Amino acid sequence: MNLLTVENISKAYGELVLFKGLSFGVNKDQKIAFIAKNGTGKTSILNILSGKDTPDAGQVNYRKNIRVSFLEQEPDLEPNLTVEETIFASDNEILKVIQNYERALQNPEDADAYQIAFEAMERFNAWDFETQYKQILFKLKLENLDVKVGKLSGGQKKRLALANALINRPELLILDEPTNHLDLEMIEWLEDYFAKENMTLFMVTHDRYFLERVCNEIIELEDGQLYPYKGNYSYYLEKKEARIEQEAVEHHKTKRLFKQELSWMRRQPKARTTKSKSRISDFQAIKERAGKRRKDHEIELEINMQRMGSKILELHKISKSFPDKPILDQFNYTFLKGERIGIIGKNGTGKSTFLNIITGSDQPDGGKVVVGDTIKFGYYTQKGIEIKPGQKVIEVIREFGDYIPLAKGRQISAQQLLERFLFDRKKQYDFVEKLSGGERKRLYLCTVLIQNPNFLILDEPTNDLDIVTLNVLESFLLDFPGCLIVVSHDRYFMDKIVDHLFVFRGDGVIEDFPGNYSDFRIYEDSVIIESREEKKKLSETKPEKKSWKADDTVKGLSYKEQKEYKQLEKDIRKLEFKKGEIEQEFITGDLSGDEIAELSKKLKEIIDGIETKTERWFELSMQLDG
């Protein structure tokens, strides 16, 4: 079933033509990734598909009455709404039912309204939906439903927008970099979610493992042409390589034909016959094809960095904490030459703070950081580049240096470095404010590299970079002879360039794991399996009575836990109702001091009960996912 058809769309901004005459379709159950270099119009295409923008030519046709959700890179959310109000602001019918039920709980004196709301919950089977949407919010670390959107961080806003898109259960979900601002645990949960849900996807993402595990088709835009690949990322790589080889063969044949035709043309043939006219016309087409050159930029930078002494970087009993939140606790580590460390952990565990302490932009509460005399840090932060009005690309990089020295007495100029990172000579004289988000990140990388550091620190360098640029960066980092620390949620990137990991567990706990991310996942999975087997052995020694009633099972929970899980949902609903009744008494009742004290005591007991049962419900929900 066709959900979306794109016919001959074009888009340009002044003289800059992003794309022209593009056509493709999206069918039900397809999970399509759209791949293109930064600055070639990926976000513009998504904006056109979502209706936020219109093409200069061509049209986009949707199936009638189709429900579409769009996740933007920079979501536009109402700052004065709470997280819960943002969720309920959707036009989803079941969410309206849940919202009416929540209101009925707040007004228990209106028994008729409560009964209507309760029956609607039953009719729409909204109890299960409520459980699912709360689970999505829990997985995306959005448990505080009362906080105003305006007080959320950029990452929290992106996660709220993603939660909103998922909860709306659209027939077509359009996603712009969905894994940005998610930690590794969230990304892996999202992969599993898309694998289980029958949802049609059209997305732009640079996360190659996500492409591998979620997508069943890839569409690539290259040199104005669309190339579809009916498979995941591995299939795409294989077929693209075959296509490039075939193009090289055809290009060689075209060049030979061009030489023959050139010789014929030089004899100045007269276009007297139809055949001669046709041949002259064909010659022009051959000439155009022969003049094409692939623009794949392979980077092989042999940087002649400053020599490193025997002392690199030493951390002695480093401690750091924020109110009620320990980040580092007596952490010790001595860096060696050429170390390549990846840092992983949930959001908020202190990864960026750790980098700031190393580079001196933040101070530890205790302990000592000793930096070797020969060490020169290159620090790529998440803040990105500061744009000055009227500044050109080449001027930005020249502020940091005109060249970097290479091995064997060679050097590379600022212009050449920019070219290697996919800024051609024309682009170098563009104003920085005209660059896309990904192009700005690429320029920022160049400003860090041209300073010729011998200790590179990269905090989420892969965000907003296209796959072509990621390959360029990986090639550079594989040749980089200095020390390297990388914080990234890009598992493919981490697997390729790091030797071992610092795993931030939270509460000041940091583990040093000897291997890359895939090694770590294998290890973690083996520990989980081992733990489950131990529990299974224990349960087998004390067999539980089975009941024929256990046919309505919940995967991942024992029969006893299944009963508890379902009972908890009922108990929480009852307690919410009682809470609403008491709160209404406070509002409408003429209460004495003793009555107020008694009701306050009851209300506290009910709120404590809700929190305890909700916490247990979330624990069982996590087992359910496992």
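**Cavities, a helix and a buried strand**

A cavity here is a set of points, on a 1 Å grid over the protein atoms alone, where a 1.4 Å probe fits but cannot get out. Volume is the space filled by probe spheres set on the points, and points are joined across faces, edges and corners.

A word on the source. This is a predicted model, where local features need pLDDT of at least 70, side-chain atom pairs count only at pLDDT 80 or more, and totals for chains, interfaces and linings use all residues. Residues are numbered from 1 along each chain as its sequence is written, and side-chain values use heavy atoms, without hydrogens and water.

Back to the cavities. The largest has a volume of about 50 Å³. Its lining residues (an atom within 4 Å of a point) include Phe34, Lys42, Asp466 and Ile467.

Ile467 also belongs to helix H16, residues 467-479. Helices (at least four residues) and strands (at least two) are DSSP runs, H or I and E, numbered from the N terminus.

Now strand E8, residues 217-222. Six of its six residues are buried, so E8 is largely enclosed by the rest of the structure.

What are its partners? Strands pair if DSSP finds at least two bridges between them. E3, residues 31-35, pairs with E8 in the parallel sense over four bridges. Ile32 stands opposite Glu217. E9, residues 225-229, runs antiparallel to E8, joined by five bridges. Ile218 faces Tyr229 there, standing opposite.

Terms used:
On a 1 Å grid over the protein atoms alone, a cavity is a set of points where a 1.4 Å probe fits but cannot get out, and a pocket is an open set with protein on both sides within 12 Å along at least five of seven lines; lining residues have an atom within 4 Å of a point. The expected span of a helix is 1.5 Å times one less than its number of residues. Buried means under 20% relative accessible area, exposed over 50%, partly exposed in between (1.4 Å probe, protein chains only).
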